[in-house]
There are 2 protein chains.
Amino acid sequence: MNKNQALPSDARSLPWDHPRFRSWIAVARACQLMQTVLTRELATLDIKPPHLDILINLFRFEGISQQELARKLLVGRSNMSMTLPQMEKRGLIERRGDKKDKRVLRLYLTEEGRRVTQSAMAIQTSLIERTLSEEPLEQCMAMAESMERLIVRLHADFDDEAETA
Amino acid sequence: MNKNQALPSDARSLPWDHPRFRSWIAVARACQLMQTVLTRELATLDIKPPHLDILINLFRFEGISQQELARKLLVGRSNMSMTLPQMEKRGLIERRGDKKDKRVLRLYLTEEGRRVTQSAMAIQTSLIERTLSEEPLEQCMAMAESMERLIVRLHADFDDEAETA
DNA sequence: CCAATAAAGTTCAATCTTGAACAATAAAGT
DNA sequence: ACTTTATTGTTCAAGATTGAACTTTATTGG
């Protein structure tokens, strides 16, 4: 019985024999598909999922800084520096310097941005509702709670590895 | 009571009031974090999640064609045409022409590729087990079943929109 | 007050991904 | 047999993302 455990690289005990592994693969696959379909449906508004993520965050947290936004979205600051000016040129958002701290740029939705955000959220919500409608509400809630726990755990790993490096 | 429902673009009834929407956002966020952490841990092997996806599929389905692989991974054929030659140069995989059909290239792992795949799978499995260890097995299984159903539903949408276009 | 350090944002080069146009081969229809 | 249509894989240009180096502004410590 020690034999198998002593050989981590052994072909026995393949990952797909682990129930949690299989479960997670299903989660990842569903996410990827959802993303793909969402990308297609958002095309009518000429925006992509990353833009929607930004818009939704500005919708909820008006006046957030680029840094804070990048952290929330788990992307690099440079990403924001490349993407936000484009969205500004398209008239979706506005960037104004902070009065107190001249380093930070605070972000706001324009009226047009707010309209696009609401249309896009309607598309996303409809897709999600349509896709999850057959799943019992209890099951959805239980899933959400599990995911919240995973997020906490993963964030610990994330920050750990970041400061170790 | 009719007032609110008659205004779909109204600011009331925000997406995050819908329990299924909130649930899915949590799923998406957990996935993204998992991906980020996995990317960091795979760096020691000098491969990235897309490479691992390819390796795992070759591990399971030896002799698969580029087309089939692209379909499984939900990426474009051009992606495979760009990525696979790199992996071939790194000695992880091998591409051999099909005898019957001169159009198709069939994919195989090299010995080195098999070693790397096993190391990478060990990393991924360990990360998943570590992250999901506190979730009851029943809950994991229920989640997996939900996800399988979502995948079926989304795939229907996916194919629909593809052939409509 | 001044030097050192930290933080916010930008720039740039490298890498990934995608979709459209293309070449080669196979399958179908006549 | 032969023209048309499909399929497989490649190429190319455009767009997205990242990490490192850099600039400007704040903060900290002497």
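**Exercise 1. Is A:Arg130 buried, partly exposed or exposed, and what is its relative accessible area?**

Solution. The structure is a predicted model, in which local features need pLDDT of at least 70 and side-chain atom pairs count only at pLDDT 80 or more, while totals for chains, interfaces and linings use all residues. Residues are numbered from 1 along each chain as its sequence is written, chains are lettered from A and ligands numbered from 1 in the order in which they are written, and side-chain values use heavy atoms, with hydrogens and water left out.

Step 1. Buried means under 20% relative accessible area, exposed over 50%, and partly exposed in between (1.4 Å probe, protein chains only).
Step 2. A:Arg130 has a relative accessible area of 36% and is therefore partly exposed.

**Exercise 2. Locate the salt bridge of B:Glu41 and B:Arg130.**

Solution. Step 1. The two side chains meet at 3.3 Å, N to O.
Step 1. B:Glu41 is in helix H2 and B:Arg130 in helix H6 of chain B, so this pair ties together parts that are 89 residues apart in sequence.
Step 2. B:Glu41 is buried, at 16% relative accessible area, and B:Arg130 is partly exposed at 35%.

**Exercise 3. Describe the interface of chain B and chain A.**

Solution. Step 1. Contact means heavy atoms within 4.5 Å; 66 residues from chain B and 66 residues from chain A take part.
Step 1. The buried area, which is the accessible area (1.4 Å probe) that two parts lose on being put together, summed over both, is about 6600 Å², and carbon and sulfur atoms give 66% of that area.
Step 2. The interface holds 6 salt bridges. A:Glu135 and B:Arg149 form a salt bridge at 2.8 Å, N to O.
Step 3. On the side of chain B that touches chain A, the elements giving two or more residues include helix H3 (49-60) and helix H7 (137-164). H7(B) gives the most, with 20 residues.

**Exercise 4. List the contacts of B:Trp24 and relate this residue to the largest nonpolar core.**

Solution. Step 1. Leaving aside neighbours within four places in sequence, B:Trp24 is in contact with A:Ala30, A:Cys31, A:Met34, A:Ile128, A:Leu132, B:Met147 and B:Leu150.
Step 1. A nonpolar core is a set of buried Ala, Val, Leu, Ile, Met, Phe, Trp, Tyr and Cys residues joined through side-chain atoms within 4.5 Å.
Step 2. The largest nonpolar core has 88 residues, and B:Trp24 is among those with the most contacts inside it, as are A:Trp24 and B:Met147.
Step 3. In soluble globular proteins, nonpolar side chains tend to be buried together.

Notes. A salt bridge is a side-chain nitrogen of Lys or Arg within 4 Å of a carboxyl oxygen of Asp or Glu. Helices (H or I, at least four residues) and strands (E, at least two) are DSSP runs, numbered from the N terminus.
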